[in-house]
Amino acid sequence: MSTKESIFYREIFHLYKECFDEAAIYLEGRVLNACLETSDGQSRLMVRIPTQVWEIIRRHSEMDNLVKEAGRSDGELHDLAENFVKTRLEMSKDSMNRVSGIAVYGSPDDPFENQIEKGVAHLLEKRQRARNLLQAIEKFPGINQ
């Protein structure tokens, strides 16, 4: 089972996220020229990104989602978790869908409120990661110049 969540894929390159690493986006491909240089005892990786690939990266930016995620209220997070649990319980009647969300929400057989509580906790963590990342972006040298 792949852990890659594709953002954009073509034969020559793949832009994706790893499902267990929300802090990065990965670019992999044949068309990219990369070389490892050493100077002053430090290793550097240089990756040539063709303009067309760069434009695709820019168009598929996660910034809008990040801002949206960071700005959600506690009430919105509760509603999102509750709606997911309701949908999940409906889908879990089919045995093929019983594993959906199990890592975050627990078993579909757990009490409804417990599943919502676990979901809210997960969404609160996700919101905090988004807020932390936005703060880190703001502090990054040269961003606001």
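Buried means under 20% relative accessible area, exposed means over 50%, and partly exposed lies in between, with a 1.4 Å probe and protein chains only. This is a predicted model, in which local features need pLDDT of at least 70 and side-chain atom pairs count only at pLDDT 80 or more, while totals for chains, interfaces and linings use all residues. Residues are numbered from 1 along each chain as its sequence is written, and side-chain values use heavy atoms, with hydrogens and water left out.

Figure 1. Helices (H or I, at least four residues) and strands (E, at least two) are DSSP runs, numbered from the N terminus. Starting at the N terminus, the order of elements is β-β-β-β-β-α-α-α-α-α. Of the 145 residues, 23% count as buried. Contact means heavy atoms within 4.5 Å. Among contacts with a separation of 6 or more, 36% are between residues 24 or more positions apart.

**Figure 2. Strands S1 and S2 run antiparallel.** Two strands pair if DSSP finds at least two bridges between them. Here six bridges join S1 (residues 4-10) to S2. Lys4 has Glu18 of S2 opposite. Strand S2 covers residues 13-18, and five of its six residues are buried, so the rest of the structure largely encloses S2.

**Figure 3. Leu27 belongs to strand S3.** Strand S3 spans residues 21-29. Leu27 has a relative accessible area of 29%, so Leu27 is partly exposed. Between Leu27 and Ile57 there are 9.2 Å in space, C-alpha to C-alpha, and the two are 30 residues apart in sequence.

**Figure 4. Helix H3 packs against helix H5.** H3 holds residues 74-91 and H5 residues 112-139; the angle between them is about 130 degrees and their axes are 8 Å apart. Axes are lines fitted to C-alpha atoms, for helices over the stretch in contact, and angles run from 0 to 180 degrees between N-to-C directions. Angles under 35 degrees count as roughly parallel, over 145 as roughly antiparallel, 65 to 115 as roughly perpendicular and the rest as oblique. H3 and H5 are therefore oblique. Their crossing is right-handed; a crossing is left-handed if the near helix is turned anticlockwise from the far one by less than a right angle, and right-handed if clockwise. The residues in this contact of H3 with H5 comprise 10 nonpolar, three polar and five charged. Ala, Val, Leu, Ile, Met, Phe, Trp, Tyr, Cys and Pro count as nonpolar, Asp, Glu, Lys and Arg as charged, and the others, Gly among them, as polar.

**Figure 5. Gln115 and Phe112 both lie in helix H5.** Gln115 is buried, with a relative accessible area of 0%. Not counting residues up to four places away in sequence, Gln115 touches Val85, Arg88, Leu89, Tyr105, Ser107, Pro108 and Asp110. Phe112 is partly exposed, at 30% relative accessibility. With neighbours within four places in sequence left aside, Phe112 is in contact with Glu82, Val85, Lys86 and Leu89. Phe112 and Leu89 are 8.9 Å apart in space, C-alpha to C-alpha, and 23 residues apart in sequence.

**Figure 6. Helix H2 also packs against helix H5.** H2 (residues 63-70) meets H5 at an angle of about 120 degrees, and the axes are 8 Å apart. H2 and H5 are therefore oblique to each other. The two helices cross in a left-handed way. Met63, Leu66, Val67, Glu69 and Ala70 of H2 meet residues of H5 including Lys126, Arg127 and Ala130. The contact of H2 with H5 has eight nonpolar, no polar and four charged residues.
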